[in-house]
Amino acid sequence: MFNRINCSIRFWNCNSQIGIEIQTLVNFKCLPKNQKAKMNIQIEKIKKAIEPLRQEIINHKVYSAIKDINDLKVFMQFHVYAVWDFMSLLKTLQRNLTCTSVPWFPKGTADTRYLINEIVVGEESDVDLNGVRKSHFELYLDAMKQCGADTTKIEVFTSVLKNTSDFNSAYLSSGTPKEAQDFVDFTFKVIESDKAYLQSAIFTFGREDLIPGMFISIINEIHKNFPNEISVFKYYIERHIEVDGDHHSNLALQMTANLCNDNEQYWKEAEESVIHSLKQRIELWNGVYRQLTESTTANT
């Protein structure tokens, strides 16, 4: 697998925030040289177009607003919706790129099937601190419960949605924050487009969780004071960086290149969808920030 991908890791420092950016060029041995070059150019074109938004997310003021464990709880109560709908996006890709019905027949290319199935295994059945198999969503819920964050809204939301398939009823019943509603609505708009190349693009570029070093430092500091309250969340973040931020991002990048191939229109639509996806992430963080600042004002 990895002999098809050339990776380099570049460390950057921005306003005392340290992060890691994976720079990847897809190297399809089975494709003509000029076609490979075109696809790599398209990948770099998307990266260049979204870089300002990436930086806006990395440097978002929400991170500096998280001062203690209570602020972290607010953050998690918003972010959990992104963790949940990430799983829905992932399973949509698996459904669209592989045969998930019976009788079984080969669907698509074996390379693409391999890529999405490997990502699903890691996201849907990873291990927790005790080595117990869990999805990343279930792990996140464990982290929320450990630190005392309110899981009522997300649990009511998923329960009502499971029983009714009605998003509006689920939002209303659970009291889902408006920013989280908008975030989920955009994801499902892409899911309902039934365009696997768009789904893969926002999965690859638009759902990359850019975790600034400052946020990691804040988590580590809170963990010093509350080791028994946020050990699961700390593990989730570390696991996310280890798995999602490296191996899975490379697999997803190759999957997107496979699906867009040399279709100029696909790449153009992919870039537009990724930009919208990142803007939705910024709005989600804006919602967290407003909640945090409103709480601070009310307590002064």
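On a 1 Å grid over the protein atoms alone, a pocket is an open set of points where a 1.4 Å probe fits, with protein on both sides within 12 Å along at least five of seven lines; its lining residues have an atom within 4 Å of a point.

This is a predicted model, in which local features need pLDDT of at least 70 and side-chain atom pairs count only at pLDDT 80 or more, while totals for chains, interfaces and linings use all residues. Residues are numbered from 1 along each chain as its sequence is written, and side-chain values use heavy atoms, with hydrogens and water left out.

**Whole chain.** Colour by pLDDT, the predictor's confidence in each residue from 0 to 100. The chain mean is 86, with 84% of residues at 70 or more. Select residues 1-29: pLDDT there is below 50, and the stretch has 77 contacts (heavy atoms within 4.5 Å) beyond near neighbours in sequence. Switch to cartoon to see twelve helices and four strands; these are DSSP runs numbered from the N terminus, helices being H or I of at least four residues and strands E of at least two. Of the 300 residues, 52% count as buried, where buried is under 20% relative accessible area, exposed over 50% and partly exposed in between (1.4 Å probe, protein chains only).

**Helix H6.** Select residues 152-164. The end C-alpha atoms of H6 are 18 Å apart, which agrees with the 18 Å that 13 residues should span at 1.5 Å a residue; the expected span takes 1.5 Å times one less than the number of residues. Show side chains for Ile154, Phe157, Val160 and Leu161, the buried residues of H6. Viewed down the axis, they fall within an arc of 140°, so they line one face of the helix; the arc is taken over directions from the helix axis to the C-beta atoms. These buried residues pack against H3 (69-97), H5 (136-147) and H7 (167-174). On the other side, Lys162 and Asn163 are exposed. Step on to Ser165, which follows H6 and has a positive phi, near 60°.

**Second largest pocket.** Select Trp84, Met87, Ser88, Lys91 and Phe137, which lie nearest the centre of this pocket among its 13 lining residues. H3, H6 and H8 (178-192) each supply at least two lining residues, and H3 gives the most, with six.

**Tyr114.** Finish in H4 (residues 110-124), where Tyr114 is found. Tyr114 counts as partly exposed, at 41% relative accessibility.
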